[in-house]
Amino acid sequence: MAQAKKALVKSKKQRTPRTVGGSVKKSTPHSGVRTYQNYIGGKWVDSNSGEIFENINPADTRDVVGRFPLSTRQDINDAVNAAQEAFNRWRRTPAPRRAEILFRLGEILIRQKSALAADMTREMGKVLKETGGDVQEAIDCTYYTAGEGRRLHGFTTPAEMPDKFAMCVRQPVGLCGLITPWNFPMAIPSWKLIPALVCGNTVVIKPAEDTPLSTYNLVKACEEAGIPPGVVNLVTGYGETVGAAMTTHPALRLISFTGSTETGRLVASACADRNAICSLEMGGKNVIMVMEDADVDLAVEGAVWGAFGTSGQRCTASSRIVVHKKVYKQFSKKLVERAQTLRVGNGADPRTDMGPVINSEAIEKIRGYIDIGRHEDGATLAHGGRRLTKGEYANGFFIEPTVFTDVTPDMRIAQEEIFGPVTAVIPANSLDEAIEIGNGVRYGLSASIYTQDVNRAFEAMNEMYTGIFYVNASTIGAEVHLPFGGTKATGNGHREAGTQVLDVFSEWKSIYVDYSGKLQRAQIDDVKI
Ligand code: NAD
């Protein structure tokens with residue numbers, strides 16, 4: 001059992017690198033598959049390794065979306081050097097001027113939105129409406145955060161001595177390493193990149209191996225917007241090599257990471273070794289609580305959207321649904337009926353409700369948890385549970401939307417992050433019990449309650465120890481002007497989005513100006529009143 005658990009913990013991509021012997025273009029003369037490059041110091045360049053990896057469509061693995069550099073530590077060194085060279089000029093560029101370039105970036109993203117969404121569906125799998133939402137989030141983030149170019153507020157405060165002035169200003173942290181996951185391949189890179197840039201930092205960004213194209217598209221748009229060479233550098237490749245090389249690079253003052261809690265721990269300890277700033281956004285096991293006075297149909301809609309949107313591959317996915325016993329049967333029946341109506345398929349087809357999962361390892365991990373739910377945990381498999389392999393599904397990574405009922409809070413399917421279209425319905429006797437179950441996991445990202453009673457809504461809002469909370473809405477659907485992040489194993493105390501993200505990408509400098517013309521000793525000299 002311990003072995004099974006260990007095997008399920010990490011979903012590592014395994015794609016075969018191809019050596020292309022120096023010239024990338026020469027390697028694929030007849031294939032029609034495009035080969036992409038890293039972006040370092042304002043130039044598009046191959047990896048030092050001469051190797052590439054393939055980006056494959058999870059809805060149809062015969063479709064190779066593109067070939068990307070399988071980069072090395074040396075490529076990271078080159079990118080960091082370029083970021084270092086660009087840093088002083090960029091940090092001295094007035095923030096409102098930096099923001100003007102970012103507004104131009106926003107305009108480019110708006111213009112390209114549908115093409116960017118189509119690329120993203122092809123490499124990541126989620127349906128076009130959702131990839132459009134992903135790009136829109138990057139647009140929203142760009143506009144909102146670029147507005148900070150004319151704020152980046154500090155503060156003044158009285159000094160304790162006469163003829164002395166005190167204030168606080170923000171300064172950039174320096175060179176930032178950004179490491180991102182595949183489930184929001186443009187939104188999450190933008191949440192890091194845009195605030196880093198508006199604050200005056202230069203960056204090296206490494207996207208997830210499964211979805212390099214969307215980050216490539218974002219960086220390409222940065223180039224078109226006129227962001228100067230070296231300010232944004234893109235290096236693609238595997239986490240264990242280039243990701244790890246970033247976390248240990250002495251010149252990267254900050255690593256901003258989003259991904260699994262397991263990888264986050266490695267990132268954090270590498271940063272701790274060299275006293276680097278480290279901001280982590282990690283896993284979740286989010287809960288919807290449905291009270292007996294809830295609008296059950298609305299709660300079912302929220303549960304379906306939260307559990308099966310993005311095929312359950314959201315850090316905020318509704319993977320647990322705690323339901324008051326008085327409406328438990330009614331809710332479970334309706335949830336299963338609704339799950340049965342979902343059309344699984346290629347995300348590029350507008351009729352599709354739920355696309356594939358990301359790769360074969362995800363299939364194995366999710367099926368492993370479905371087995372655990374049925375056999376080890378002993379829950380009731382009320383709907384789904386199978387991999388779809390026939391007809392239109394033959395070449396993709398498709399799993400049925402899956403509902404377990406009669407789940408107890410201690411079961412592994414109620415405790416561990418599955419990151420697939422699987423949800424666990426858990427009965428409860430009261431709001432207090434629902435809150436206890438809701439808080440009874442190692443993560444603390446998002447929670448929600450369905451109730452018509454304002455007192456209960458406020459009680460749950462107060463008692464749930466999560467970074468995000470919803471009333472009469474699902475656990476997903478964050479907006480960029482509010483802080484985003486979680487407690488416990490989800491994060492390490494930082495928040496992205498909102499103005500709070502500025503505290504990640506800038507450091508405070510306290511400034512005292514003594515214009516008394518004499519030595520004044522704070523805490524020591526008496527001030528005559
Ligand atoms: P992952 O941890 O496998 O990979 C994330 C990134 O880290 C990738 O770019 C990967 O290449 C890199 N990486 C892997 N090993 C590394 C290492 N040793 N050193 C440095 N970098 C390394 O996660 P994933 O499978 O891409 O994403 C899914 C996970 O992300 C889920 O757990 C999900 O909950 C979490 N997530 C969290 C949030 C959030 O905001 N809290 C948002 C989205 C996803």
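Is Arg-151 buried, exposed or partly exposed, and what is its relative accessibility? At 40% relative accessibility, Arg-151 counts as partly exposed, where buried means under 20% relative accessible area, exposed means over 50% and partly exposed lies in between (1.4 Å probe, protein chains only).

1. Basis of the note. This is a predicted model, in which local features need pLDDT of at least 70 and side-chain atom pairs count only at pLDDT 80 or more, whereas totals for chains, interfaces and linings use all residues. Residues are numbered from 1 along each chain as its sequence is written, and side-chain values use heavy atoms, with hydrogens and water left out.

2. The two domains. The protein chain is divided into domain 1 (44-282 + 494-508) and domain 2 (287-471), with bounds that come from an automatic or database domain assignment. The C-alpha centres of domain 1 and domain 2 lie 31 Å apart, and the contact between them (heavy atoms within 4.5 Å) takes 23 residues from domain 1 and 25 residues from domain 2.

3. The area between the domains. Domain 1 and domain 2 bury about 1900 Å² between them, and 56% of this is on carbon and sulfur atoms; buried area here is the accessible area (1.4 Å probe) that two parts lose on being put together, summed over both. On the side of domain 1, the residues that lose the most area to domain 2 are Ala-59, Glu-130 and Trp-182, which together account for 26% of what that side buries.

4. Polar and charged pairs across the interface. Between domain 1 and domain 2 the count is 2 salt bridges, a salt bridge being a side-chain nitrogen of Lys or Arg within 4 Å of a carboxyl oxygen of Asp or Glu. The rule also finds 7 residue pairs in polar contact across this interface, both residues being at pLDDT 80 or more; a polar contact is a pair of N or O atoms within 3.5 Å, where, within protein, one must be able to donate a hydrogen and the other to accept it, and residues adjacent in sequence count only if both atoms are side-chain atoms. On the side of domain 1 that touches domain 2, α5 (113-124), α6 (128-146) and α10 (261-273) each supply at least two residues, with helices (H or I, at least four residues) and strands (E, at least two) taken as DSSP runs numbered from the N terminus. The residues of that side divide into 8 nonpolar, 6 polar and 9 charged, where Ala, Val, Leu, Ile, Met, Phe, Trp, Tyr, Cys and Pro count as nonpolar, Asp, Glu, Lys and Arg as charged, and the others, Gly among them, as polar.

5. Salt bridges. Side chains of opposite charge can pair when their charged atoms come close. By the rule used here the count comes to 26 salt bridges. One of them joins Arg-151 to Glu-148, with the closest N and O atoms 3.0 Å apart, and Glu-148 counts as buried at 5% relative accessibility. Another joins the side chains of Lys-126 and Asp-134 (2.8 Å, N to O); Lys-126 is buried with a relative accessible area of 3%, and Asp-134 is buried with 0%. Arg-97, Glu-100 and Arg-150 are linked in a network of salt bridges.

6. A pair between two loops. The side chains of Glu-392 and Arg-343 meet in a salt bridge (3.0 Å, N to O). Glu-392 lies in the loop between β16 (387-388) and β17 (398-399), and Arg-343 in the loop between α12 (325-340) and α13 (360-377), so the pair ties together parts that are 49 residues apart in sequence. Glu-392 is partly exposed, with a relative accessible area of 45%, and Arg-343 counts as partly exposed at 26% relative accessibility.

7. Asn-38. This residue, Asn-38, lies in strand β2 (residues 38-40) and counts as buried at 0% relative accessibility. The side chain of Asn-38 makes a polar contact with the side chain of Ser-71 (2.9 Å), and a polar atom of the Asn-38 side chain lies 3.0 Å from the backbone nitrogen of Thr-236.

8. Val-135. Helix α6 holds Val-135, which counts as buried at 0% relative accessibility. Leaving out residues up to four places away in sequence, Val-135 touches Leu-109, Lys-113, Leu-116, Ala-117, Met-120 and Met-186.
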